[in-house]
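Work through the exercises below with the sequence and the 3D structure at hand. Each task is followed by a solution in steps.

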Amino acid sequence: MPLTPDAAAAPYFTPCHADELWALATNPHPTLGQARHLGEALIHAKVLDTNTLAESLKLQQTEREQGHERPIGQILVECGHVSAAQLQEVIASWLGKHLVDPSHLQPDPVALALVPRNVAERESVLPLLAREDALVVLVSDPSERALLDELRFLTQRRPIALQAAPGTLLPAIANAYRTYPTATPKAALTTTAGEARSPANAPRASSRELVSNLSSASAEADTVETDVVSESDNTLVRLINTVIEEAIAHRASDIHIETEPAPQNVRIRLRVDGQLMSYLELPARFRYALVARIKIMANMDISEHRKPQDGKIDFARFGGSALELRVVTVPTSHGLEDVVLRLLASAKPLPLEQIGLNKQHLTVLREIVKKTYGLLLVCGPTGCGKTTTLHSVIRDINTEGRKIWTAEDPIEISQSGLRQVQINPRIGWTFAAAMRTFLRADPDVIMIGEMRDEETARIAVEASLTGHLVLSTLHTNSAPESINRLLEIGLDPFNFSDSLLGILAQRLVRRLCAECATPLVLSPEPLERLASQYLHSGSPLQNTPEARSRLIERWHQEYGSSTRGEIRLWRAQGCSQCDHHGYRGRLGIHELMVSDDTIREHIRHRAPAIEIRQAALHAGMRTLRQDGIEKVLQGLTSMTEVLAATNQ
């Protein structure tokens, strides 16, 4: 089919071969592009003759004199001289934007392999042809620069965008990837011998192999003193994507990229199970390009090096897993910048039984959240799993008969049935504003990501007193200290004492690898010291020989080996299953303080934290260290981890 439309032809271009498509993509229409106005373009396209155009222009002039203005295109269509489709096509060609009907096209499998199906469907883009350094794609709006930039970095090709005919793009994308699901290069369009081969079936290189490739290429190109690597270098792009994929595989929560002046290497470290570990080093020449590439992915200003910046990366947009990364850049000395990426997988809530609560805590916590109103707090330092615990609690009560609103920053865990709201303080959408809105939206349960100020805390207390169950987090070290913190920021002690149901303090410790943990049988003397430490962490006055003897007897009954009744501790060893760290995963240790009459009386009288703590211990509260020691005796973690998490 010819590339120039005429009156009898279909209103859109329909190339049939690769050469035709390539010509359409790379050569603007020579005649229409030179037209001075639309009428001349219509004549050149042979959809209108000179006499008809003259009559229509005369009609337009007459209407203008009478005070009625109509575009010449509208006059031509309404008089039946051209169809609306023909007019649209000529305008597009005149402006250099070809409308393509892909109904009968068979896209090049090499091109399909360059753009993953999920990206094509999400962004409404159909790869048509890969030739030389270019990739011809079909989109709904060729002027969308963000999409073209994404395709350039994803494919490392120069994208040439053609405009799809209305209503044709989405069916063509579905048909193309259904026909070529694996994008194997069995040409339907004729391709040239010089085209790049599809990477779809090539084995994925590791990050260390990519670093080696980058180092070799850069060494050939220039000396070490020169930053020769571009942020769009194909190998560098693949390296960053691979580092993120490998961080996911290692269960990392953060990626730290640390730059130093030459000749010191760029260091990449991963935080796995709360511990930073060295992962990769790159030559200094990559430091600027590496940071620039991440800034581009996060839509940051790559020209700004003096101020910190925040951004987000939707990793799926770059052909990776369904993962969001929070990115922060920090200016350092010598005009350099460090980058920290936090991996925010769209996780699902854990069952309440799997977050590490002992049987007593689990039973009591479930009794608390059965109540229809009141306030439950989870406290601890940043990164101790407070949000995970709250979502596990909500999962336990998330039933058809309850309306649950959550306000979070950011939303890290998704649950079906919840109404989850993302906080945005920049526009005034704060936790306090969300709380006020929720109270007008007929809630049963409200979860607030964090009590950051007096206003949020006050509204939460008021909500809990008016028939709502409110759950929130607080950055404090222990359950008794949380009460003093809230009273200090201005809460009314009487309202607060009436609303409080309980406070759960927690820490995270690394879980021993089940494959390689080694036992150590405790002799009587170390066992006595362990019992003394257990009792002292609660109330030193109760650390008596009789109490230690009773405690050791209970341990023998609950944790003694089935054969000889020996008490054992477990130590980290290291094997291939845990990357030779001795630990794999984390679990929580907890301190649950339940509000009772004594606690409420202490709150009303603003008693110090030490008195509230003693009252809670007298009522049966187990401290963080005591809960940790119990988990050590169960073989779940090591004493080193418990001491590190509970030293205050």
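**Exercise 1.** Is Asn647 buried or exposed?

Solution. Step 1: settle the terms. Buried means under 20% relative accessible area, exposed means over 50%, and partly exposed lies in between, with a 1.4 Å probe and protein chains only. Step 2: apply them. Asn647 has a relative accessible area of 54%, so it counts as exposed. Asn647 lies in the segment after helix H24 (639-646); helices (H or I, at least four residues) and strands (E, at least two) are DSSP runs, numbered from the N terminus. Step 4: look across the sequence. Asn647 and Arg625 are 22 residues apart in sequence, and their C-alpha atoms are 8.8 Å apart in space.

Before going on, note the source. This is a predicted model, in which local features need pLDDT of at least 70 and side-chain atom pairs count only at pLDDT 80 or more, while totals for chains, interfaces and linings use all residues. Residues are numbered from 1 along each chain as its sequence is written, and side-chain values use heavy atoms, with hydrogens and water left out.

**Exercise 2.** State where confidence in the protein chain is lowest and where it is highest.

Solution. Step 1: pLDDT is the predictor's confidence in each residue, from 0 to 100. Step 2: the protein chain averages a pLDDT of 82, and 84% of the residues score at least 70. Step 3: the lowest confidence is in helix H10 (residues 207-221), with a mean of 63, and the highest is in strand E11 (residues 374-379), at 95. Step 4: over residues 1-11 the pLDDT is below 50, and this stretch has 20 contacts (heavy atoms within 4.5 Å) beyond near neighbours in sequence. Residues 182-203 also have a pLDDT below 50, with 40 such contacts in the model. Step 5: where pLDDT is low, the predicted coordinates should not be read in detail.

**Exercise 3.** Describe the largest cavity and its lining.

Solution. On a 1 Å grid over the protein atoms alone, a cavity is a set of points where a 1.4 Å probe fits but cannot get out; lining residues have an atom within 4 Å of a point. Grid points are joined across faces, edges and corners, and a volume is the space filled by probe spheres set on the points. Step 2: count. There are 4 cavities of 30 Å³ or more, and the largest has a volume of about 70 Å³. Step 3: list the lining, which consists of Ile240, Val243, Ile244, Ile255, Ile257, Ile268, Leu290, Ile294 and Leu341. Step 4: sort by element. Helix H11 (234-249), strand E5 (252-258) and helix H12 (287-297) each supply at least two residues, and the largest share, 3 residues, comes from H11. Step 5: sort by class. The lining has 9 nonpolar residues, no polar and no charged ones. Here Ala, Val, Leu, Ile, Met, Phe, Trp, Tyr, Cys and Pro count as nonpolar, Asp, Glu, Lys and Arg as charged, and the others, Gly among them, as polar.

**Exercise 4.** Follow the chain around strand E5, using His256 and Glu260.

Solution. Step 1: Arg251, in the loop between H11 and E5, has a positive phi of about 65° although it is not a glycine. Step 2: His256 is in E5 and counts as buried at 15% relative accessibility. Among its contacts outside four places in sequence are Arg267, Leu276 and Val339. Step 3: Glu260 is in the loop between E5 and E6 and is partly exposed at 33%. Step 4: Pro263 lies in that loop too, and a cis peptide bond with omega of about 10° joins Ala262 to Pro263.

**Exercise 5.** In which sense do strands E6 and E7 pair?

Solution. Step 1: two strands pair if DSSP finds at least two bridges between them. Step 2: E6 (residues 266-272) and E7 (residues 275-282) pair in the antiparallel sense over 7 bridges. Step 3: Met277 in E7 is the bridge partner of Leu270. Step 4: the two strands form a hairpin with 2 residues between them, and Asp273 in the turn has a positive phi of about 55°.

**Exercise 6.** Why is helix H17 described as largely enclosed?

Solution. Step 1: of the 10 residues of H17 (residues 479-488), 7 are buried, so the helix is largely enclosed by the rest of the structure. Step 2: the buried residues include Ala479, Ile483 and Leu487.

Methods. On a 1 Å grid over the protein atoms alone, a cavity is a set of points where a 1.4 Å probe fits but cannot get out, and a pocket is an open set with protein on both sides within 12 Å along at least five of seven lines; lining residues have an atom within 4 Å of a point.
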